[in-house]
Number of protein chains: 2
Amino acid sequence: MVSERGLQVLRAIVQDYVDTREPVGSKAIVERHAFGVSAATIRNDMALLEDEELIAAPHTSSGRIPTDKGYRVFVDHLAELRPLSPAQRAAIASFLEGPGDLDDVLVRTVRALTQLTGQVAIVQYPSFARATVTHVELVQLGGGRMLVIVVTDTGRVSQRLTFVGEEFDDADLARIRAELGTVLVGRPVREGLQRIADRLDAPAAQTPAPAHERATDEIVRAVAEELEEFRQDKLVMAGSANLARREADFRGSIYPLLEAIEEQVTLLRLMGEMVADEQGLSASIGRENDAFGLGEASVVASDYDGTGSLARVGVLGPTRMDYPTNLAAVRAVARYLTRMLEQDDSSR
Amino acid sequence: MVSERGLQVLRAIVQDYVDTREPVGSKAIVERHAFGVSAATIRNDMALLEDEELIAAPHTSSGRIPTDKGYRVFVDHLAELRPLSPAQRAAIASFLEGPGDLDDVLVRTVRALTQLTGQVAIVQYPSFARATVTHVELVQLGGGRMLVIVVTDTGRVSQRLTFVGEEFDDADLARIRAELGTVLVGRPVREGLQRIADRLDAPAAQTPAPAHERATDEIVRAVAEELEEFRQDKLVMAGSANLARREADFRGSIYPLLEAIEEQVTLLRLMGEMVADEQGLSASIGRENDAFGLGEASVVASDYDGTGSLARVGVLGPTRMDYPTNLAAVRAVARYLTRMLEQDDSSR
DNA sequence: ATTGGCACTCCAGTCATGCGAGTGCCAGAC
DNA sequence: GTCTGGCACTCGCATGACTGGAGTGCCAAT
């Protein structure tokens, strides 16, 4: 129905509208883009685009703006990723270079991305559900306090302070540590959690602990909590102030957006449900996010490889965002991040 | 200059303005507050208040709104803290009750406070500058990775993963651990940091390490980084979405506020510079925060006792906020928090 | 010191008007 | 069949005039 040139007109409308934030008319298009046809011709194409609901006019006889469906077509068929400038590549490198554990790297990643795009940047932690436990460590702090540490192969370290109320001698401590080790080490987090739960349900029977029964239970409980925390995915975010940078970006209030950012869980679900193309890129546009209360926003994301388990890095912004730039940015950052983590992994 | 009744008029204006968000006129005052005098009399008082720059008229012949100076007088002399309802006290208790380490408690505190006030809630970590180190622990993870853990008496645990590139046998590890222990344990963080710095400046000479020289340096460096992190104060915040709840709360953009929240360091400085009264309460109002770029906002805070070292808990909101309620809320939460931490401390 | 009265100011809303951008459509050209 | 120039038409938006009402400031009287 819509001609090839019609699609080019759609592209022009999206580009100009994102640029100027004003409805774009037929005359503006022939001026800014060398179509080689007159404004009247463009108008005919625009009428078709409007029939297809790819663009809409805010008021009769005003310029047109893309609909969410229009943005979708633009992203799927028309957007050519805008390659990053050398300066931008250098910026990513300088942000991400340097030592640091997983937390550090992800924080720097999210900062780089927000700086690059001017949007809210989001990085998912590599999924811990598939991660396996590599270490369980117990450190006695005195005064009946015990520090319980769990480490996974994805590089994440979790520590928890718990009050056990008694002192252990080294032998007992070593025994409990060993017991936890055989139950957990080398197993996926999910499975470990299951085994721990079994242990808690059938108390004492399995472990003929001479003493310290209550205290041991307390330690096991702490480990279980840490594993549970691993199981839940996690986000790092930055740049939420960018939502308020331009008044007109969001028609309504930015309240739901800020709330989603603070809640995290909404964004986690949203990021999880997005469907990536063969390049690992994905976008969720405007009303497509209505179910999450984010009907005025878009998310653009790219998969990255966090030591074997897939996760996403993305940006959140107004529906009327610069998709080519943002797509290119998330892809570049995701690739860089994947490389960082691989390299880090090989040094283990 | 300003009569006693004049001050009551100021109080009425502040209350009504916070309530209605509209300039309040002389007639509205006699209607809502039983002053027993006529509107004309109130007008005379208002003229005096205006001379003192405690109130101002947005336009000639419109109602008056309090100036920042007016809010200041209100807070210092006129505000009676609005006692919390039993339901609110119960809410605080239910939020804060339950086990958990310092991080948990502070997170729950900040949630309770934002829920109570509908503002952005801020909790300072107990100052670590004066905290003393109680434990240093090294855990070998294999593959040349080492987990370095530092614990202070304020209950804070910091862990850092570093790559040392070689394996230690138990004896060497114990030796290094003991060395770090004698240098750091029982000393304030600041002093420990100094001694560590000395150690790094005069390498090898002091420690006749048979091998592992580089690796040991790496460990010491990690410890230094952790101590440095302790030295910096830290905030927990919640409720930033509340800034966007009411459109008209902030005349300009909320961008600088969101930025300050993300930066943290600005808010840390601001919270640090506030001067508390004999009850431990403090407020910084409107333009008083100009230096921090927060001229349209107010902060209300209360000191609390975090195991011997003072810190603050507060809320951030529009200058036109409900001071009596917020003051009462931060005080109640601060007291509850102090009690929680004392109790926790005694159980060590 | 307080009050009622009164003139005055200024905001906010309403309506009429003109302008300009942009469309839709048609008849004619290629 | 596709494209084009032309033209009437529609709205949105800015402007300006007008009005009602809320609120003030001041003054003379109590």
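Two strands pair if DSSP finds at least two bridges between them. Helices (H or I, at least four residues) and strands (E, at least two) are DSSP runs, numbered from the N terminus. The model is predicted: local features need pLDDT of at least 70, side-chain atom pairs count only at pLDDT 80 or more, and totals for chains, interfaces and linings use all residues. Residues are numbered from 1 along each chain as its sequence is written, and chains are lettered from A and ligands numbered from 1 in the order in which they are written.

**Sheets of chain A**

Strand β3 (residues 120-124) of chain A runs antiparallel to β7(A), and four bridges join the two. Within this pair, Val123(A) has Val236(A) of β7(A) as its bridge partner. Both strands belong to an open sheet of five strands in chain A, with antiparallel pairing and the order β7-β3-β10-β9-β8. Its edge strands are β7 (235-238) and β8 (281-284) of chain A, each of which pairs on one side only. From one strand to the next, the twist averages 20°; for such angles, axes are lines fitted to C-alpha atoms, for helices over the stretch in contact, and angles run from 0 to 180 degrees between N-to-C directions.

A helix also lies against this sheet. Helix α6 (residues 102-117) of chain A packs on the sheet and touches β3, β7 and β10 (309-318) of chain A. The direction of α6 makes about 150° with that of β3(A).

Seven bridges pair β5(A) with β6(A) in the antiparallel sense, and Ile149(A) has Gln159(A) of β6(A) as its bridge partner.

**Two helices of chain B**

In chain B, the axes of helix α1 (residues 4-20) and α3(B) come within 9 Å and cross at roughly 85°. The helices α1(B) and α3(B) are therefore roughly perpendicular to each other, a term for angles of 65 to 115 degrees, whereas angles under 35 count as roughly parallel, over 145 as roughly antiparallel and the rest as oblique. On the α1(B) side, the contact is made by Arg5(B), Gly6(B), Val9(B) and Leu10(B). On the α3(B) side, Ile42(B), Asp45(B), Met46(B), Leu48(B) and Leu49(B) take part.

**The two chains**

Chain A can be laid on chain B with an RMSD of 0.1 Å by a turn of 180° and a shift of 0.0 Å along the axis. That is the relation of a two-fold axis. Copies are superposed by least squares on the C-alpha atoms of residues with pLDDT of at least 70 in both. In chain A, the C-alpha of Gln159(A) is nearest the axis, 3.8 Å from it. The same surface serves both copies, as 100% of the contact residues of chain A recur in chain B.

In the contact between the chains, 29 residues of chain A meet 29 residues of chain B. On the side of chain A that touches chain B, β4 (133-142), β5 (145-152), β6 (157-163) and α10 (255-263) of chain A each supply at least two residues.

**The DNA strands**

A residue is near a strand if its C-beta atom, placed from the backbone, lies within 6 Å of it.

| DNA strand | Residues around it | Closest residues |
|---|---|---|
| C | 21 residues | Gly25(A), Val37(B), Thr41(B), Thr60(B), Ser61(B) |
| D | 21 residues | Val37(A), Ser38(A), His59(A), Ser61(A), Gly25(B) |

For DNA strand C, α3(A) gives the most to the surface, with four residues. For DNA strand D, α3(B) gives the most, with four residues.

Key. Contact = placed C-beta atoms within 7 Å.
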